[in-house]
Amino acid sequence: MGLALVQSPSAAESLLKPERLRMLELLSEPDSASGVARKLKLPRQTVNYHLKELEREGLVEFVENRLKGNCNERVLRATARSYVISPVALGALAANPDLLQDRFSAAYLASASARAVSEVGVLAERAAKAKKKVPTLTIESAIRFRDAQSRASFTADLLETIAGLVAKYNDDAAPGGRSFRLLVGAWPKPSSPNPPEQASVRLV
C-alpha cells in the first residue's frame, strides 16, 4: 500500500466525504463492514452502502470472505495508504501554468505543481499497465536565507546553474532521446507543522 492518484471526477466525489475518509483510515487494516460500523457507531447498512461506492471506484478492495457465526463477511481494505486527487479530475478547469504570465507568483507555482501531479499520474498509470517504472527524479531540501538579498542572489545562481546544465545535456536532435520536464520551486516553509483551518476556496 502506497500512494494512489485519484484521477476521475466520480472517484474524487466518492472520496471527499467525511464518513468515507474515516472508513478509508480504518481500512488501512483489513476489516468487514460490521467491524467498521462498530468502530464508527453507524448502522451496518449505511456503512455497506459507502463501502460499495468506494469499492466501485477502486478505493477499497476485496481481501477475503471471513466466516463469523453462520455468516460470511466480506473483508475489505484500502487500496492505498494515502491519496492525492489529480487535477485531471477537474477536466478543463484544471490549473494550467501556460495561461499565467508571472512565473514568480504563487499561482504559477501551484499551477506548475498541479501539472506535475497530472502528468506523473498519467505516466504512472501507463507504466503500471506496461509493468514498468516511471523514470522520475526528486530533489528536496530546505534553506534558511539571511535576508531578501541573499535569497535573490541564490535565485540568480540557481538559474545560472540550471541553465548551464540544460545547455550541456539537452539534445533536441538525439534520435532515441526522450524529453523530460524540469520543475524547480521554492516557497516559505510554514512555521507550524499543522496547517491552519482552511477556507473551502482560496484564491492564489
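**Salt bridges**

I began with the charged side chains and found Glu 53, Arg 56 and Glu 57 linked in a network of salt bridges, a salt bridge being a side-chain nitrogen of Lys or Arg within 4 Å of a carboxyl oxygen of Asp or Glu. Before going further I noted that this is a predicted model, in which local features need pLDDT of at least 70 and side-chain atom pairs count only at pLDDT 80 or more, while totals for chains, interfaces and linings use all residues. I also noted that residues are numbered from 1 along each chain as its sequence is written, and that side-chain values use heavy atoms, with hydrogens and water left out.

Searching the whole structure, I found 9 salt bridges. Side chains of opposite charge can pair when their charged atoms come close.

I looked up Glu 25 next, and its side chain meets that of Arg 22 in a salt bridge at 3.0 Å, N to O. Both residues sit in helix H2, 3 residues apart, and are therefore separated by about one helical turn; helices (H or I, at least four residues) and strands (E, at least two) are DSSP runs, numbered from the N terminus. I recorded Arg 22 as partly exposed, at 38% relative accessibility, where buried means under 20% relative accessible area, exposed over 50% and partly exposed in between (1.4 Å probe, protein chains only).

I then turned to Arg 181, whose side chain forms a salt bridge with that of Glu 119 at 2.8 Å, N to O. Arg 181 lies in the segment after helix H6 (148-169) and Glu 119 in helix H5 (residues 106-130), so this pair ties together parts that are 62 residues apart in sequence. Arg 181 counts as exposed at 53% relative accessibility, whereas Glu 119 is partly exposed at 31%.

**The sheet**

I traced an open sheet of 3 strands in the order E2-E4-E3, with antiparallel pairing, two strands being paired if DSSP finds at least two bridges between them. Its edge strands are E2 and E3, each of which pairs on one side only. Between E2 (residues 31-32) and E4 I found 2 bridges, and Ser 32 has Val 75 as its bridge partner in E4. Strand E3 (residues 60-68) pairs with E4 over 8 bridges, again in the antiparallel sense; in E4, Val 60 has Ala 78 as its partner and Asn 65 has Arg 74.

What lies between E3 and E4 in the chain? The two strands form a hairpin with 2 residues between them, and Gly 69 in the turn has a positive phi of about 65 degrees.

I also checked Glu 61, which stands opposite Arg 77 in E4, and the side chains of these two residues meet in a salt bridge at 2.9 Å, N to O. The pair links distant parts of the chain, with Arg 77 in strand E4 and Glu 61 in strand E3, 16 residues apart. Arg 77 is partly exposed at a relative accessible area of 33%, and Glu 61 is partly exposed at 31%.

**The core and helix H2**

I looked up the largest nonpolar core and counted 19 residues in it, those with the most contacts inside being Leu 24, Val 47, Leu 51 and Leu 54; such a core is a set of buried Ala, Val, Leu, Ile, Met, Phe, Trp, Tyr and Cys residues joined through side-chain atoms within 4.5 Å. At least two residues of this core come from each of helix H1 (9-15), helix H2 (18-26), helix H3 (33-40), helix H4 (44-56) and strand E4 (71-78). Leaving aside neighbours within four places in sequence, I found Leu 51 in contact (heavy atoms within 4.5 Å) with Met 23, Leu 27, Ala 33, Val 60 and Leu 76.

Which residues of H2 are buried? I listed Arg 20, Met 23, Leu 24 and Leu 26. They cover an arc of only 160 degrees around the axis, which puts them on the same side of H2, the arc being that of the directions from the helix axis to the C-beta atoms. On the face turned away from this buried side I found the exposed residues Pro 18 and Glu 25. The cover over the buried residues of H2 includes H1, H3, H4, E3, E4 and strand E5 (82-85).
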